[in-house]
Amino acid sequence: MTERDTQPAEYPRYAYFRFVLIVTGKTERQYLPELFSSLRATGTCNFEVIQRVGQRDPITSEERLKALRNGKKMPDKDEVIGFKARRYLKNDPYYFVLLIDDLEYDRRNEAQEVFERYRLALDTILNELKHRASVHFLVNMLEAYYFANAQAINAVLKTALSDYEGDVEEIHHPKGDLKGLYPRFNEIKHGGAILDKINIEHVLSPPDTCASLRTLFAWCVKVLETYSDYDCTGFYDKYKLHDGKLSEITGTQLDNF
């Protein structure tokens, strides 16, 4: 019998879903739930950070990867991720896990391998629960998305910026750019205040930008669609899910339900 078989035959129409976050960044640990305020405002779900972990590098040894895939013991620090997720998922079908990593520009070429390492940790420990956990990247770091909603930066730092022209996920060093604009920029203090003012619908309004961030929101909406009778049409409009760009790496999880 699988975990799906033990779930309620039908999730109630007005089920309340809880997304628990495992993050790698300092600002994310304190403030990332603010990024999801437009989803929380619907009364359908809540977001809570449950742990901050160190970033993982790719496992480059094919022999080691093969051994792990065949059930050999994984590194303890990877097991911690899986067991933390399982603790929340095993007793409550309304919990879902989001593992969210800052993907700095220098690590972009390793994204697929890093994704696979996180995914392997979750899949191995969660087993039949693995479809209720997903891995996502903030590209290139959380601060990139501030530039897609310049009014939020201006309100906090008293700057006079306009929205970034182009895809903010292509900005090489957004945190450094913010410090260049405002030398006293503090990623936690000021970053938290900016996140509180971010309009995520505005950030995702250009359909050809923010593929990784849009995929994160698409996965959350997919949860609501799959496990309840909520009408999610509005979410598709808000986040440009019908025609918006999605991540080729993390988007593969959208078919795992």
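Tutor: Let us begin with a term: two strands are said to pair if DSSP finds at least two bridges between them. Please keep in mind throughout that this is a predicted model. With that term in hand, look at Asp102, which stands opposite Leu138 in β4.

Student: How many bridges join β3 to β4, and do the two run parallel or antiparallel?

Tutor: In general, the strands of a sheet pair through backbone hydrogen bonds, in either a parallel or an antiparallel way. Here seven bridges join β3, which covers residues 95–103, to β4, and these strands run parallel.

Student: In what order do the four strands lie in the sheet?

Tutor: The order is β2-β1-β3-β4, in an open sheet whose pairing is parallel. At the edges stand β2 (45–52) and β4 (133–139), and each has a single partner strand, so one side of each is left without a neighbour in the sheet. From one strand to the next, the twist averages 30°.

Student: Which strands does helix α5 touch as it packs on the sheet?

Tutor: Helix α5, made of residues 76–89, touches β1 (17–23), β2 and β3, and its direction makes about 150° with that of β3. Its buried residues are Asp78, Glu79, Ile81, Gly82, Lys84, Ala85 and Leu89, and what covers them includes β1, β2, β3 and α6.

Student: What span should the 14 residues of α5 have at 1.5 Å a residue?

Tutor: They should span 20 Å, and because the end C-alpha atoms of α5 are 20 Å apart, the model agrees with that expectation. The buried residues of α6 include Val114, Phe115, Tyr118, Leu122 and Leu126.

Student: Is Cys210 buried or exposed?

Tutor: Cys210 counts as buried, because its relative accessibility is 1%, and the cut-off for that word is under 20%. Cys210 also has a positive phi, of about 55°, although it is not a glycine, and it is found in the loop between α10 (200–203) and α11 (211–227).

Student: Which two residues are joined by a cis peptide bond?

Tutor: The bond joins Val139 and Asn140, and its omega is about -20°. Asn140 is found in the loop between β4 and α7 (150–157).

Student: How should I describe two helices that pack together, and at what angle do α7 and α9 pack?

Tutor: Two packed helices are described by the angle between their axes and the distance between the axes. In this model α7 and helix α9, which covers residues 189–197, pack at an angle of about 135° with their axes 8 Å apart, and that angle makes α7 oblique to α9. The contact is made by Ala152, Ile153, Ala155, Val156 and Leu157 of α7, together with His190, Ala193, Ile194 and Lys197 of α9. The crossing of α7 and α9 is right-handed.

Student: Where is Ser212 found?

Tutor: Ser212 is found in helix α11, and it is buried, with a relative accessible area of 5%. Leaving aside its neighbours within four places in sequence, Ser212 is in contact with Phe137, Val139, Tyr145, Glu169 and Ser247.

Student: How many helices and strands does the protein chain have?

Tutor: The chain has 12 helices and four strands, and buried residues make up 53% of its 257 residues. Among the contacts with a separation of 6 or more, 77% are accounted for by residues 24 or more positions apart.

How values were computed: Residues are numbered from 1 along each chain as its sequence is written. This is a predicted model: local features need pLDDT of at least 70, side-chain atom pairs count only at pLDDT 80 or more; totals for chains, interfaces and linings use all residues. Side-chain values use heavy atoms; hydrogens and water are left out. Axes are lines fitted to C-alpha atoms, for helices over the stretch in contact, and angles run from 0 to 180 degrees between N-to-C directions. Contact means heavy atoms within 4.5 Å. Buried means under 20% relative accessible area, exposed over 50%, partly exposed in between (1.4 Å probe, protein chains only). Angles under 35 degrees count as roughly parallel, over 145 as roughly antiparallel, 65 to 115 as roughly perpendicular and the rest as oblique. A crossing is left-handed if the near helix is turned anticlockwise from the far one by less than a right angle, and right-handed if clockwise. The expected span of a helix is 1.5 Å times one less than its number of residues.
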